[in-house]
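Please consult the sequence and the three-dimensional view shown here, then read the points grouped below.

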Amino acid sequence: MSTVPAIALRGVVKAYGALRAVDGLDLDVPEGSCVGLLGPNGAGKSTTMKLLTAQAIADAGELRVLGFELPGESKQARAEMGVVPQLDNLDTTLSVRDNLRVFARLYRVPKAERDAAVTRALELATLTDRADARADELSGGMRRRLLIARALVHRPRLVLMDEPTVGLDPQVRQELWALIARLRSEGTSILMSTHYIDEAERLADSVTIMSHGKAVSVGAPGALIAEHAGREVLEVYGPPVRLAEVEAQARTAGHATRRTGTSVAIMKAEHVDGDYGEGHRRAANLEDVFVHLTGEEIA
Ligand code: ADP
């Protein structure tokens, strides 16, 4: 049985003057999967999101969303998509419930089903007991949950989330992770841009790492870690001069390294037997892969 991919982009280009914000991007979101879009600032993540919602029109390439071709069939695609914007654009003069009602109507949920749709969205976002509060009475975390609930009110097949947990404290981020994990377990397709690498590692079935408008690596987090960073990394601390020496020594011995502000991490440390002085071994993670491939710290 063949299923329609939630998102399939091929060779997509979007230029602003001489700058190619998206430069030959291929991106796949298989139906029912959660894909994390990672990249340093300026990599083209937001532009990609805008192309998917037809807020921007590509200069070249093929874009299919839920089987619809963009930009020609963007209205049909949008009708079955939920979009969680990065900026909070709730109507603060309305109650939580009315914010959801407005969207249920906009997304053409039949009148007879609207109350049930709103009740379900409230429950998903654990906002049932705040349903009658005005949006401006909510905490930051609750507002973010409401933004997500609003994108789900018409039971979209695909949800786009642009930096869903940016600027939130750790406890609130965990609440949102639970919500995203639940959506994923219900079979909703999700594309989530994030610069929290741990978030992608935790939630995404697959990640696409973007740099300069292109996909530089694609795969399941565990597979990418195994391929690029191995099982362990050896983290060596020291003053800048010492770090440069360690880097040179490791590279001469054929080992990839990555920098952080205060250390050099040597990848695939399970195969490293040189003497690098003070250092400690730790499990490799997706951030090692990201920095290794893009050469950049997370913004
Ligand atoms: P990211 O979301 O990964 O940080 P963006 O998609 O916002 O990256 O930006 C990619 C590049 O395109 C950046 O260099 C940015 O300055 C540029 N860019 C984005 N939007 C515009 C625009 N409307 N006009 C001109 N340049 C833009």
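The side chains of Glu247 and Arg259 are joined by a polar contact of 2.7 Å; a polar contact is a pair of N or O atoms within 3.5 Å, where within protein one atom must be able to donate a hydrogen and the other to accept it, and residues adjacent in sequence count only if both atoms are side-chain atoms. The model is predicted, so local features need pLDDT of at least 70 and side-chain atom pairs count only at pLDDT 80 or more, whereas totals for chains, interfaces and linings use all residues. Residues are numbered from 1 along each chain as its sequence is written, and side-chain values use heavy atoms, with hydrogens and water left out.

**Buried residues and their contacts**

- Glu247 is found in helix H9, residues 240-252; helices (H or I, at least four residues) and strands (E, at least two) are DSSP runs numbered from the N terminus.
- Glu247 has a relative accessible area of 15% and is therefore buried; buried means under 20% relative accessible area, exposed over 50%, and partly exposed in between, with a 1.4 Å probe and protein chains only.
- Arg258 lies in strand E12, residues 257-259.
- With a relative accessible area of 4%, Arg258 is buried, and its side chain makes a polar contact of 3.4 Å with the side chain of Glu287.

**Helix H10**

- Helix H10 spans residues 286-294, and its buried residues are Leu286, Asp288, Val289, Phe290, Val291 and Thr294.
- The N-terminal end of H10 is capped by Asn285, which places a side-chain oxygen 3.0 Å from the backbone nitrogen of Glu287.
- Gly295 follows H10 and has a positive phi, near 70°.

**The ligand and its surroundings**

- Around the ligand are Tyr16, Leu19, Ala21, Pro40, Asn41, Gly42, Ala43, Gly44, Lys45, Ser46 and Thr47; a residue counts as near a molecule or strand if one of its heavy atoms lies within 4 Å of it.
- This shell divides into 5 nonpolar residues, 5 polar and 1 charged; Ala, Val, Leu, Ile, Met, Phe, Trp, Tyr, Cys and Pro count as nonpolar, Asp, Glu, Lys and Arg as charged, and the others, Gly among them, as polar.
- Strand E2 (19-29) and helix H1 (45-52) each supply at least two residues of the shell, and the largest share, 3 residues, comes from H1.
- An oxygen atom of the ligand is 3.1 Å from a polar backbone atom of Ala43.
- For Gly44, a polar backbone atom lies 2.9 Å from an oxygen atom of the ligand.
- For Ser46, the distance from a polar backbone atom to an oxygen atom of the ligand is 2.8 Å.
- The ligand taken alone exposes 560 Å², of which the protein buries 60%; accessible areas come from the Shrake-Rupley method with a 1.4 Å probe, and for residues only the protein chains shown count as cover.

**Two glycines in loops**

- Gly42, one of the residues around the ligand, lies in the loop between strand E3 (34-38) and H1.
- Gly42 is exposed, with a relative accessible area of 74%.
- The C-alpha atoms of Gly42 and Val246 are separated by 30 Å, and the two residues are 204 residues apart along the chain.
- Gly277 occupies the loop between strand E13 (263-266) and strand E14 (280-283), and at 52% relative accessibility it counts as exposed.
- Gly277 and Val246 are 31 residues apart along the chain, with their C-alpha atoms separated by 9.2 Å.

**Strand pairing**

- Strand E1 (residues 7-16) and strand E4 (residues 60-65) pair in the antiparallel sense over 5 bridges; two strands pair if DSSP finds at least two bridges between them.
- Leu9 stands opposite Leu63 in E4.
- E4 also pairs in the antiparallel sense with strand E5 (residues 68-70), over 3 bridges, and the bridge partner of Val65 in E5 is Phe68.
- E4 and E5 form a hairpin with 2 residues between them, and Leu66 in the turn has a positive phi of about 55°.

**The chain as a whole**

- The chain has 10 helices and 14 strands.
- Its radius of gyration is 21 Å, close to the 19 Å that the globule rule gives for 299 residues, so the chain is as compact as a globular protein of that length; the radius is taken over C-alpha atoms, and the rule is 2.2 Å times the number of residues to the power 0.38.
- Along the principal axes, the C-alpha atoms fill a box of roughly 70 × 45 × 40 Å.
- Of the 299 residues, 49% count as buried.
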